[in-house]
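Colleague: I would like to go through this entry feature by feature. Please give the general idea each time, then the case at hand.

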Amino acid sequence: MKYQSQAVAKLYFIAAIGLFVGQILFGVILGLQYVIGDFLFPTIPFNVARMVHTNLLIVWLLFGFMGASYYLVPEESQREIHSVKLAKWLFWIFLGAGALIILSYLLIPYARLAELTGNSFLPTMGREFLEQPTIGKIGIAVVCTGFLYNIAVTVLSGRKTVINMVLLTGLLGLVVLWLFSFVNPENLVLDKYYWWWVVHLWVEGVWELILGSLLAFVLIKTTGVDREVIEKWLYLIIAMALITGIIGTGHHYFWIGTPHYWLWFGSVFSALEPIPFFMMTLFAFNMVNKRRRDHPNKAATLWALGTGVMAFLGAGVWGFLHTLAPVNYYTHGTQITAAHGHMAFYGAYVMVVLCIISYAMPKMRGRVANSNKAQVVEMWSFWMMTVSMVFITLFLTAAGILQVYLQRMSDAPLPFMVVQEKMEFFYWMREVAGVVFLIGLIVYLVSFFVKGEELPAVATEMKAPAVD
């Protein structure tokens, strides 16, 4: 670790992994509730478990992005973080606020929670993924703004590279687009129109810039490939991601009452959205093939390669499967959507956060990498989580195809609940795969405590040339 202030990233990484475990536990609970309808009812109803599952996903990924930024930016900027004290204060505020929000979901009826938090003065609650109380949304905005300030001052007063400028742009977009979570028009069409400015433009827009910068940083460190080569790839990837992602928002406007031209815009540009993810896959494998040396942290390299492949499959291929308007007419809101969402989030964002944690945590513990024995355990966790996520996606896809046929394309469409019963086999298989995923995550945690022959505390890494 070159800069003392990088150590603050450890707090964020530990919180991220802890919340990740919570998210998967609630995912397993949800999977059981699909097949055992009264499981944990009324203690944890399905709608509450789903809110907790999705909100934990957002919060732990934000913790991961923040930790990654606090580790990456000092090295790229060649200076300490502007304010370590601010970073620590924001961490505890965010962790405390996040815990309060999750506990409020579990302990207070949602309608009562809206009354207690003054939702009537500025109504923002009740929308998928944005269920947080208004005061909670304000807290998230304050924390993210303070974080952006800390990172921006560090970047702008130090060395400016393509990586930290792309990261800063992504973080700026993250903060600005979150403000649309406060926009809640009474008109349902306008409500959904602006709702997607948060949900879509985060995950298929500015988050992709964050993803690209984190992946580029790890590849520079683990391959020794010239910085200029990696930065050229990064320019191409983010350009395509923004062009296709921003206009591709239109694939959410097909059926909500917007003008018909969105059928064309949404279909055409959404069909192009797999391109940046395919480029990311080529980018990762190309850099590893051109590497000047074998970095001792082979687990981090594996996560980097896996990010490219799984992001392309989940966000690219599975996104394309149901994004064209004539197809989406039948598949919209089915389990095919859930299949795409699971693999896309895992491949694009979960894996890149685990990748940089895998690279950075040993460095913050005074090692160039974990022991070989620990890395073997970590690579087992990689394959357990990744293969189980593939099966989760395949089972949900099969359930979705059956759902579309029986409920929407059949000459005699069946009622919703009748179709759900016929999909029960796939739901059970999805649950089994989810349990395996949870075991894989536990193995990942265990890998950090596995003892083995220590690798050198200091190693000479191939450094890419500096950029003024």
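Colleague: In which loop does Phe129 lie?

Modeller: Helices are DSSP runs of H or I with at least four residues, strands are runs of E with at least two, and both are numbered from the N terminus. Phe129 lies in the loop between α4 (110–116) and α5 (134–156). Phe129 is not a glycine, yet has a positive phi of about 75°. The model is predicted, so local features need pLDDT of at least 70 and side-chain atom pairs pLDDT 80 or more, while totals for chains, interfaces and linings use all residues. Residues are numbered from 1 along each chain as its sequence is written, and side-chain values use heavy atoms, with hydrogens and water left out.

Colleague: What is the phi of Leu40, and where does Leu40 lie?

Modeller: Leu40 has a phi near 65°, positive in a residue other than glycine, and lies in the loop between α1 and α2. Pro42 lies in the loop between α1 (8–35) and α2 (46–77); the peptide bond from Phe41 to Pro42 is cis, with omega near 5°.

Colleague: Does Leu40 count as buried, partly exposed or exposed?

Modeller: Buried means under 20% relative accessible area, exposed over 50%, and partly exposed in between (1.4 Å probe, protein chains only). Leu40 counts as partly exposed because its relative accessibility is 34%. Thr222, in helix α7 (residues 188–223), has 2% and therefore counts as buried.

Colleague: With which residues is Thr222 in contact, leaving aside its neighbours within four places in sequence?

Modeller: Contact means heavy atoms within 4.5 Å. With those neighbours left aside, Thr222 is in contact with Arg293, His295, Thr301 and Tyr359. A polar atom of the Thr222 side chain also lies 2.8 Å from the backbone oxygen of Val218.

Colleague: Which residues touch the most other members of the largest nonpolar core?

Modeller: In soluble globular proteins, nonpolar side chains tend to be buried together. A nonpolar core is a set of buried Ala, Val, Leu, Ile, Met, Phe, Trp, Tyr and Cys residues joined through side-chain atoms within 4.5 Å. In the largest one, of 138 residues, Trp202 and Trp207 touch the most other members. Another core, of six residues, lies apart from it, with Ala399 and Tyr427 among them.

Colleague: How many helices and strands are there in the protein chain?

Modeller: The protein chain has 16 helices and zero strands. Of its 468 residues, 57% count as buried. Its C-alpha trace spans about 70 × 45 × 45 Å along the principal axes.

Note on methods
Polar contact = N/O pair within 3.5 Å; in protein donor to acceptor, adjacent residues only side chain to side chain.
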